[in-house]
Amino acid sequence: MYYEEHRSQQEIARALGLSRSNVSRVLSAAHERGIVEIRIHDPSGRDLELERRLKDAFGLRDCRVSDVQGTGQQLQKTGDLGARWLVENVRQGHRIGLSWGRSLQALVQSVPEQGGLDVEVVPLVGGLSSVDSEITGEEIVRELARRLGGRFQRLHAPALVTTKAGRDVLLAEPSIEATLSAVSKSSIAVVGIGSRDVGASAAIIEAMKLSPEEKDQFTAADPAGDICARYFDDSGRPISGPTADRVLAVSLDDLASIPVVVGVASGTEKTRGVFGALRSGVLNVLICDSSLARALLRNTGNDR
């Protein structure tokens with residue numbers, strides 16, 4: 001009578017010869033015992049139940065899961081959701097650190113061109129010549145600053161070099177050192193998450209020109225994925241050695257010191273990398289799609 005016929009509690013009380021308070025108690029008990037289930041379908045395209053379960057499973061301070069059926073719109077819908085999270089949470093005077101990649105490109109392109117926000121956008125990683133230029137850090141940093149109406153800094157250096165000595169020479173440059181120092185003082189960092197041998201993560205290793213011995217060393221460490229070209233294993237521990245020595249980007253430890261670090265990813269092929277990233281302690285906010293969310297929960301054994 002209440003849920004299907006939409007009769008009021010007072011009407012039901014008269015029909016059944018009960019008090020209105022008794023009708024209210026019966027309705028509450030039906031909900032508590034699972035006789036009645038209430039499900040909210042968010043018009044913004046979010047899966048609120050998956051968000052709750054991910055927050056509980058990984059101790060996240062916030063989470064957004066795009067409710068996507070099929071694989072065609074995962075990237076765009078996740079980017080839209082990430083853009084809404086950013087617009088809701090960014091404040092005047094914030095410094096925002098950005099990495100690079102297609103997920104962040106989708107997010108930035110979904111940010112409305114509102115302008116007038118006194119923020120500064122800084123790159124977390126140098127330029128990446130081994131991937132498409134439009135998804136490199138510098139392009140995304142500049143575009144987000146333009147849409148928000150803020151300022152941006154450049155990191156005039158490649159993300160990847162072929163020797164540790166070359167990396168050290170670049171780090172000694174005052175302009176590069178100043179930009180990386182500014183990164184550690186960011187209010188929010190938004191990062192893409194790579195998974196081993198998937199897309200650009202494989203291109204990163206190729207660009208480093210590792211020797212056969214160095215490749216064996218990297219493989220033996222069993223990397224799960226990367227953030228800002230910084231690789232980590234399934235437990236989230238940073239992988240040291242040649243791959244770490246040839247990257248010009250914020251370190252995972254410095255990234256973890258930023259108050260809010262948002263990871264953005266879509267697609268089940270990213271499961272291993274995102275799972276390791278969540279175990280690293282670096283991320284405290286996750287934006288993803290429902291298929292990836294379910295895959296992550298299956299990895300925890302929480303896939304009911």
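Predicted model: local features only at pLDDT ≥ 70, side-chain atom pairs only at ≥ 80, totals over all residues.
Residues are numbered from 1 along each chain as its sequence is written, and side-chain values use heavy atoms, with hydrogens and water left out.

**Aromatic pairs**

A pair of aromatic rings is described by the distance of the centres and the angle of the planes. Rings of Phe, Tyr and Trp (its six-membered ring) pair if their centres lie within 6.5 Å; planes under 30 degrees apart count as stacked, over 60 as edge-to-face and the rest as tilted. The structure holds three aromatic pairs. Two of them are listed here.

| Pair | Centre to centre | Angle between planes | Type |
|---|---|---|---|
| Tyr2 and Tyr3 | 5.0 Å | 90° | edge-to-face |
| Phe58 and Phe275 | 5.8 Å | 80° | edge-to-face |

The Phe58 and Phe275 pair links distant parts of the chain, 217 residues apart. Phe58 sits in helix α3 (residues 48-58) and Phe275 in helix α13 (residues 271-279). Helices are DSSP runs (H or I, at least four residues), numbered from the N terminus. Phe58 is buried, at 18% relative accessibility. The tyrosines are another matter. Tyr2 is partly exposed at 31%, and Tyr3 is partly exposed at 39%.

**Arg246**

Arg246 is found in the loop between α11 (242-245) and α12 (252-256). Its relative accessibility is 9%, so Arg246 counts as buried. A polar contact (a pair of N or O atoms within 3.5 Å; within protein, one must be able to donate a hydrogen and the other to accept it, and residues adjacent in sequence count only if both atoms are side-chain atoms) of 2.6 Å joins the side chains of Arg246 and Glu214. A polar atom of the Arg246 side chain also lies 3.0 Å from the backbone oxygen of Met208.

**Nonpolar cores**

A nonpolar core is a set of buried Ala, Val, Leu, Ile, Met, Phe, Trp, Tyr and Cys residues joined through side-chain atoms within 4.5 Å. The largest has 48 residues. Leu54, Ile227, Leu255, Leu283, Leu286 and Leu296 touch the most other members. Apart from this core lies another, of 26 residues, among them Leu117, Val190, Val262 and Val264.

Note on methods:
Helix = DSSP H or I, 4+ residues; strand = E, 2+ residues; numbered from the N terminus. Buried < 20%, exposed > 50% of the residue type's maximum accessible area, 1.4 Å probe, protein only.
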